[in-house]
Amino acid sequence: MTDDFRHISRPDSILTYFRSNWKALSVVTATGLIYNIGLPVVAMLEGKLVQCLLDIFNGTSVWMDMFHLGLIYLGTVLLVQGSRFLKRLYVRKFANAISRDMKHVVYNNFIHRSRNELHEEKAGSLMTRTIADTDACAEGMRKFTTEIFDTGVAMIAYCVTLFIYDWKLALLSMIFPPVSYYIAERMKKIVVKANSAYKESAGDLSDAALDRVGNAMTYRLAGVEDIQNEKFDKVLYQYRTNAIKADILVSATNPVYEMISLCSVVVIVYFGAKNVSGTGWTVWNIAAFTTFLNCFLKLAVKSGKAAKLFNAVHKAEVSWGRIKPFLQEETEEYKEKALPADILIAENLSAGYEADKPIFSHLNFDFHKGEIIGVSGVIASGKSTFGKVFLSEFTYTGNLKVDGKEWKELSEAERNGTIAYLGHEYELFPLSIKDNILLGESDEEKAEKALKAVCLDQEVENMQAGMDTKIGDKGSGLSGGQMERLALARTLVHQKSVMVLDDPFSALDVKTEKEVFANLRNLCKDSIVILISHRLALFPQCDQVVWFENGTALTSTHEALLKENKQYAEVFALSNVSPEADHETE
């Protein structure tokens with residue numbers, strides 16, 4: 001990973017995210033205490049305002065007393081609500097930081113998985129579910145942090161106020177709220193089970209939809225289209241059923257919890273009236289009665305939110321269990337170790353699925369930093385095989401050295417830190433354009449610069465949400481050329497010493513291709529760029545050219561190959577570019 005990523009120790013521990021954001025949480029704590037301790041004070045002032053109004057009517061107070069009390073009330077409300085604003089602002093910052101850090105670890109986990117693993121696990125669908133679960137975890141932690149003050153501290157403050165006014169009536173009125181907590185706790189297993197089933201059915205639906213679209217023609221030709229449609233309908237029905245059940249359990253139960261808590265109002269009205277009349281446990285005036293009732297009503301509302309908090313935490317627990325395998329700390333084995341690539345040398349290089357059956361043989365070259373190498377050849381001649389040698393997907397004989405170090409003798413971490421590979425099957429995730437490019441980095445300027453380099457910046461700017469536009473499964477919301485350039489932009493952001501680009505311009509027009517190539521030249525001065533392409537229009541501008549033909553490979557310059565290799569000259573002529581015009585352009 002790049003230096004923009006901060007190291008996260010123990011990313012599979014929830015406490016890690018609280019410790020790493022202690023500054024924001026300090027502000028949340030200070031403002032949260034002011035806000036929630038101030039709530040009973042506001043209630044007390046409201047009671048005094050009611051009493052003052054009654055005293056004015058009785059002739060024992062004047063309107064100026066109400067005015068002064070109103071100013072105190074207004075100042076207190078401004079202080080309390082200002083603290084609430086700051087608390088919510090920093091809680092949101094805390095949640096955004098958690099989401100960013102979790103996604104960084106998840107992206108890192110995916111980056112270090114092999115191409116075969118990604119295909120086997122249906123990376124697009126898996127990433128969709130994982131990111132959704134990451135957002136659910138961050139939201140659950142946000143709600144927990146918010147409600148620990150807005151519910152926990154506030155309830156304590158209200159309880160203390162109630163006990164100060166009449167401890168006997170306070171105890172009596174506290175009978176019903178715990179009942180709502182008990183019921184909410186008993187519902188925990190049911191809520192967790194329902195949400196787990198909903199999450200699983202959502203993943204099954206995503207997989208079924210992708211399978212239905214991707215294999216539609218196969219099913220039609222095989223005559224099993226109706227059977228597959230029935231299977232899809234069953235998956236869709238199960239998803240709807242689980243979604244409705246989970247939603248009902250989360251939303252419909254909260255009013256029930258609140259109604260149970262409010263049963264104590266009857267007790268307060270009865271015994272509170274006795275206190276006001278002087279025949280109860282304590283002598284009250286109207287202000288005391290109003291304050292007590294007001295505090296209890298707000299306490300009851302908080303009780304309902306406490307139950308809602310339990311449900312939110314339960315949902316987050318389900319999501320946490322699902323993403324925890326993707327939140328493992330980066331081990332030394334997988335930490336990228338970038339090697340400088342001032343020179344890349346091949347000596348008698350041969351490669352294929354098996355060492356004794358090479359797809360190409362006898363390749364020799366010296367590539368240097370800052371060079372762009374054009375690689376082409378006839379169909380099935382080995383050009384893509386050559387690119388995948390750097391991924392260790394093909395065995396090779398001979399020598400392939402980076403600054404004197406043999407490629408196959410490097411550790412996986414060293415290879416990952418040295419090579420950037422963009423193939424035909426670039427994996428685009430159903431996230432935003434920005435997230436697809438940055439993969440967890442926070443520097444938006446890099447994304448903007450990369451989009452401009454691949455001539456995609458204006459098109460993204462015209463989209464409704466700009467860089468935050470979601471691209472859909474496998475980039476379904478983009479055109480072929482846009483998907484290709486987006487994948488290239490991501491590769492440029494995560495630039496390495498050796499850049500292998502397999503046909504990155506296949507869906508571009510000639511004008512855009514030339515512009516992107518020029519930008520590539522400027523941005524990759526510290527890299528060796530191996531440009532594999534079946535289109536040779538830009539090969540005159542390449543520093544060297546590797547031509548694959550009949551199981552052999554020849555390294556030379558564009559001009560020399562035009563003179564010495566008839567087939568290369570014919571393929572170049574078919575690129576609709578005249579050699580004279582290109583020399584003039586150069």
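Q: Let's start with a hairpin. In the hairpin of strand 9 and strand 10, which residue takes a positive phi?
A: A quick heads-up before we start: this is a predicted model. For a hairpin, look at the stretch between the two strands. Here two residues sit between strand 9 and strand 10, and Asn550 takes a positive phi, near 55 degrees.

Q: How many bridges join strand 9 to strand 10, and which way do they run, parallel or antiparallel?
A: Look at the bridges and the direction of the strands. Strand 9 and strand 10 (residues 552-556) are joined by five bridges and run antiparallel.

Q: Which strand is joined to strand 9 in the parallel sense?
A: That's strand 3 (residues 372-377), which runs parallel to strand 9 with five bridges between them. For a place to start, Ile373 stands opposite Gln544 of strand 9.

Q: How many residues of strand 9 are buried?
A: Go through the strand residue by residue, then sort by side. In strand 9 (residues 544-549), six of the six residues are buried, and the strand is mostly covered. One side has Gln544, Val546 and Phe548, the other has Val545, Trp547 and Glu549, and both faces are covered.

Q: Why is strand 7 described as largely enclosed by the rest of the structure?
A: Here you count buried residues again, and buried means under 20% relative accessible area. Strand 7 (residues 498-502) has five of its five residues buried, so the rest of the structure largely encloses it. Val498, Val500 and Asp502 are on one side, with Met499 and Leu501 on the other, and both faces are covered.

Q: Which strands pair with strand 7?
A: Check each neighbour in turn. Strand 6 (residues 419-422) runs parallel to strand 7, and four bridges join them. In that pairing, Ile419 stands opposite Val498. Strand 8 (residues 528-532) also pairs with strand 7 in the parallel sense, over five bridges. There, Val500 has Ile530 of strand 8 as its bridge partner. To get from strand 7 to strand 8, the chain goes through helix 20 (residues 510-523), making a right-handed β-α-β crossover.

Q: What does Val498 touch, leaving out residues up to four places away in sequence?
A: Val498 is found in strand 7 and is buried, with a relative accessible area of 0%. Its contacts include Ala341, Phe390, Thr418 and Ile528. Val498 and Ile528 are 30 residues apart in sequence, yet 4.9 Å apart in space, C-alpha to C-alpha.

Q: Is His368 buried or partly exposed?
A: His368, in strand 2 (residues 360-368), is partly exposed, with a relative accessible area of 35%. Not counting residues up to four places away in sequence, His368 touches Asp342, Ile343 and Ile528. His368 and Ile528 are 160 residues apart in sequence and 6.3 Å apart in space, C-alpha to C-alpha.

Q: Now a helix. Where is the kink in helix 2?
A: Follow the helix axis and look for a bend. In helix 2 (residues 22-58), a kink of about 30 degrees lies at Leu39, shortly before the proline Pro40. From first C-alpha to last, this 37-residue helix reaches 54 Å, close to the 54 Å expected at 1.5 Å a residue.

Q: Why do the buried residues of helix 17 line one face?
A: In helix 17 (residues 444-453), the buried residues are Ala447, Ala450, Leu451 and Ala453. They fall within an arc of 160 degrees, so they line one face of the helix. On the other side, Glu445, Lys449 and Lys452 are exposed. The buried ones pack against helix 16, helix 18, helix 19 and helix 20.

Q: And zooming out, how many helices and strands does the protein chain have?
A: The protein chain has 23 helices and ten strands. Of its 586 residues, 48% count as buried.

How values were computed:
Residues numbered from 1 in each chain as written. Predicted model: local features only at pLDDT ≥ 70, side-chain atom pairs only at ≥ 80, totals over all residues. Heavy atoms only, no water. Buried < 20%, exposed > 50% of the residue type's maximum accessible area, 1.4 Å probe, protein only. Pairing = 2+ DSSP bridges. Right-handed = clockwise from strand over helix to strand, strands pointing away. Expected span 1.5 Å × (residues − 1). Bend = angle between axes of the 7 residues up to and from the residue. Arc of directions from axis to C-beta. Contact = heavy atoms within 4.5 Å.
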